[in-house]
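Q: Could you walk me through reading a few features of a model like this one? I'd like the general idea, then the case at hand.

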Amino acid sequence: GGSAPWDAAIRLLDEMELRGLPASVRAHNAAIELRAAACDAAGARWLLERMERRGLQPDGYSYTSAMKACGRAADAAAAAELLERAESIPRRRGGQRQWLERVYSGAALCFAAQPVGQAPLTDALSLLDRMRRSGVRPTAHTYSALLRACSRHGGGREASALLCDMRRLGFAPPAEQRQFALRASHQGVLAVLETHVVGGAAREARG
């Protein structure tokens, strides 16, 4: 399925260089997106390294597409390595915080997809502190990814704390929080989340 477009993309990158036309960041990004579609985290990382060997600086699209590949492959080790590389980039561009948030959220989804028992919940929840240290503001999407990790790995108490944070930050109305609760139905987490959602709605009604 995915090997033919991938082979064609690599041939095109090589042919551009043979003709004296250095392959651009944009051309490499298109190839990374193909690797994401094929759930090939190793291929996406190889392309990032290829870019750097040629003096090209991967951009936000490069990293978000590569993280997408890690998530689709459920490769937590690759996601952790990619996140460290993204965090190490000097803070130069104004839009960097926005794409870094997407990389963090992608990492959280990747950790959430790991088999139960491999203890990725701590890794996922540590992303909030890492984001703040990097000057990246978590979004509702970030919290949604972390709630999914709590749902899969039995983090009822952690999910409760996340919902409190969401309400404090004003990210989601009660109806949307109810959707998060319904997703977090594994291992008794639903009851914890419903308590917060219904309780929050009751407090709003009394107010």
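A: Let's begin with burial: a residue is called buried when its relative accessible area is under 20%, and exposed when that is over 50%. Keep in mind that this is a predicted model. Here, Cys 110 has a relative accessible area of 0%, so it is buried, whereas Cys 39, at 39%, is partly exposed.

Q: How many disulfides does the structure hold?
A: For a disulfide, two cysteine sulfur atoms must lie within 2.5 Å. This structure has zero disulfides. Take Cys 110: its closest cysteine sulfur is in Cys 70, 6.1 Å away, which is too far for a bond.

Q: And how do I read aromatic pairs?
A: You describe a pair of aromatic rings by the distance of the centres and the angle of the planes. There are two aromatic pairs here. Tyr 63 and Trp 99 are stacked, with 5.5 Å centre to centre and 5° between the planes. That pair links helix H4, which holds Tyr 63, to helix H6, which holds Trp 99, across 36 residues. Tyr 63 is buried at 1% relative accessibility, and Trp 99 is buried at 6%. Tyr 143 and Phe 171 make a tilted pair, because their centres are 5.7 Å apart and their planes sit at 45°.

Q: Which residues is Arg 85 in contact with, leaving aside its neighbours within four places in sequence?
A: Arg 85, found in helix H5, touches Arg 45, Leu 48, Glu 49, Glu 52 and Tyr 63. Arg 85 counts as buried, at 16% relative accessibility.

Note on methods: Residues numbered from 1 in each chain as written. Predicted model: local features only at pLDDT ≥ 70, side-chain atom pairs only at ≥ 80, totals over all residues. Heavy atoms only, no water. Buried < 20%, exposed > 50% of the residue type's maximum accessible area, 1.4 Å probe, protein only. Helix = DSSP H or I, 4+ residues; strand = E, 2+ residues; numbered from the N terminus. Contact = heavy atoms within 4.5 Å. Phe/Tyr/Trp six-rings, centres within 6.5 Å; stacked < 30°, edge-to-face > 60°.
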